[in-house]
There are 2 protein chains.
Amino acid sequence: MFDSREVIVTSYEPSELRFCLSGNDALTLLEFIRICLNCNTKEDYLALFPKIRELLPYNCANSFLAHYDADNRLVLVYNANINTPKEWLQEYQAKNYLQRDVKVRENFRSYKVQHWDFDRLKLYKQDEGLISLYAEFGVIESYVHGSRFAATGKNGSMFCFASPSIKFDKRADAILEFVIPHLHLALSQLYSNKQLEWNKAVITQREKEVLNWLKQGKSSWDISVILGVSERTVNYHVNNIRKKLGATNRPQALALAARRGLIEFS
Amino acid sequence: MFDSREVIVTSYEPSELRFCLSGNDALTLLEFIRICLNCNTKEDYLALFPKIRELLPYNCANSFLAHYDADNRLVLVYNANINTPKEWLQEYQAKNYLQRDVKVRENFRSYKVQHWDFDRLKLYKQDEGLISLYAEFGVIESYVHGSRFAATGKNGSMFCFASPSIKFDKRADAILEFVIPHLHLALSQLYSNKQLEWNKAVITQREKEVLNWLKQGKSSWDISVILGVSERTVNYHVNNIRKKLGATNRPQALALAARRGLIEFS
DNA sequence: TCAAAACCTGTCACTTCTGACAGTAGAAAT
DNA sequence: ATTTCTACTGTCAGAAGTGACAGGTTTTGA
């Protein structure tokens, strides 16, 4: 599914580097890499992006971890977006463009630096719907790069920096070659922290009670009367359960709870 | 939890029976018992109740199977109601009166014929809320009787026939002594048929797909786009899944599917 | 004694689900 | 040839859930 790929690949000879990057660029990159190594929380991670903007002026950025499942379908496991329009995200996610987006496919195929514009999208016979969605939000011109290596698990990453002002540029290529592996490390670190958190997350007694009533098909209101609390409180518990398990809604929470053995089946 | 109780207990001597029941009553009872033995569907079961009304004129009737769980909580597993006001049921279920209703408690304690009226409810210190709910719908005066025996599983039954016109009456006592064990058999039969149906229910390929997307927290609309069908169709599949598994909503469907091994946890 | 965690409560806009109505089309089995 | 099953589609009212706002008390452990 994935190419086996070494951690850092740079084909730039020192002389070439000097040709692509200024001394200032190099210093900014080193600064960036240093911060990456101390990235543990989502805040730390998000703080990296203004730094990147100093090197590559983008409007919005997406970053995510994903892997292919048994049915050859890309499963998104963790993501972080910067400045990305909510409407764009909703449309993209709801229409499941992830499975059809050529930017994504190419990234998870090659993990190489890619510059995208209208002509290249056309060349790859991308869906009209997706192209117009990209166009609508001015995110056609973009640089995409991702990474994957065994040490950070089965998930590959993809990073997309978009702006109408982004043109193909050897300097940008070089910058991304340095930026992305470290960003990948930081994101993977973040994800494994999050997973640890989800697995460690202790469901409280009250939450267990709520979970068991949910299992039996009770609504919030039913449970509120059963437990003798307000409906709002039941929702509060359910929300906590969802957050702790990393679920977006009740059905998923039940599935995850079942997997974790948090609910029993009489 | 349950008294061990023999199938049919009748303490009536032939002479006493003659004192309580008319020949016509006896014939109607025999007719009733004959139908009970051929009761396989819910329609068959519901058809029994007009027959009972010939013997005991009630306004509405409830019948259900339940058992106590590890936390000493009564778990309702199957029920059928006749002429029962929807509002009453909703209120009763939502406020979980099942756990506090003295009629129910007494039934599952003794499995004896019981006649209830306002004075007796007061005597047992029943909740005011429940009493007024009973009063509101004119179901205070009632006969309650239930049964349980090993052959029909761990579930006990309760049957309640209510009407303001129902007064304590030796004939009614005698009738219920005959009616209830057979009604219990019929209801148990019905339930085990239903269970068989739920367990046999084969989830189709499409339903399995839907289930797996639900597991991942997708909404109907998300899934509709993913599968390339209308949202209505997704709901159609979800409804079928719920019916097949005997779930009232999606969370419960997921829990039941997990128990049945219909969904896998990667 | 201070902080953290658990538990509790309210409102409000918005989205999603449920249950009921009423159909169509195609494939497989009797 | 008819029935049965699967899959599909529509509308619509009302119920339920979500996410974000902004608080409260009590318990527990450092």
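Chain B holds an open sheet of five strands, ordered S2-S1-S5-S4-S3, with antiparallel pairing. Strand S2 (74–82) and strand S3 (114–116) of chain B are the edge strands; each has a single partner strand, so one side of each lacks a neighbour in the sheet. The model is predicted.

**Sheet of chain B**
- From one strand to the next, the twist averages 20°.
- Seven bridges join strand S1 (residues 60–68) and strand S5 (residues 156–162) of chain B in the antiparallel sense.
- B:Ala61 has B:Phe161 of S5(B) as its bridge partner.
- Helix H3 (residues 42–55) of chain B packs on the sheet and touches S1 and S2 of chain B. The direction of H3 makes about 65° with that of S2(B).

**Surface near DNA strand D**
- DNA strand D is surrounded by 18 residues. The closest are A:Asn249, B:Thr204, B:Val229, B:Ser230 and B:Thr233.

**Contact between chains A and B**
- Chain B puts 23 residues into the contact, and chain A puts in 23 residues.
- On the side of chain B that touches chain A, the elements giving two or more residues are H9, helix H10 (220–227) and helix H12 (250–260) of chain B.
- H12(B) gives the most to that side, with seven residues.
- The residues on that side of chain B comprise twelve nonpolar, six polar and five charged.

Key: Residues are numbered from 1 along each chain as its sequence is written. Chains are lettered from A and ligands numbered from 1 in the order in which they are written. This is a predicted model: local features need pLDDT of at least 70, side-chain atom pairs count only at pLDDT 80 or more; totals for chains, interfaces and linings use all residues. Two strands pair if DSSP finds at least two bridges between them. Helices (H or I, at least four residues) and strands (E, at least two) are DSSP runs, numbered from the N terminus. Axes are lines fitted to C-alpha atoms, for helices over the stretch in contact, and angles run from 0 to 180 degrees between N-to-C directions. Two residues are in contact if their C-beta atoms, placed from the backbone, lie within 7 Å. A residue is near a molecule or strand if its C-beta atom, placed from the backbone, lies within 6 Å of it. Ala, Val, Leu, Ile, Met, Phe, Trp, Tyr, Cys and Pro count as nonpolar, Asp, Glu, Lys and Arg as charged, and the others, Gly among them, as polar.
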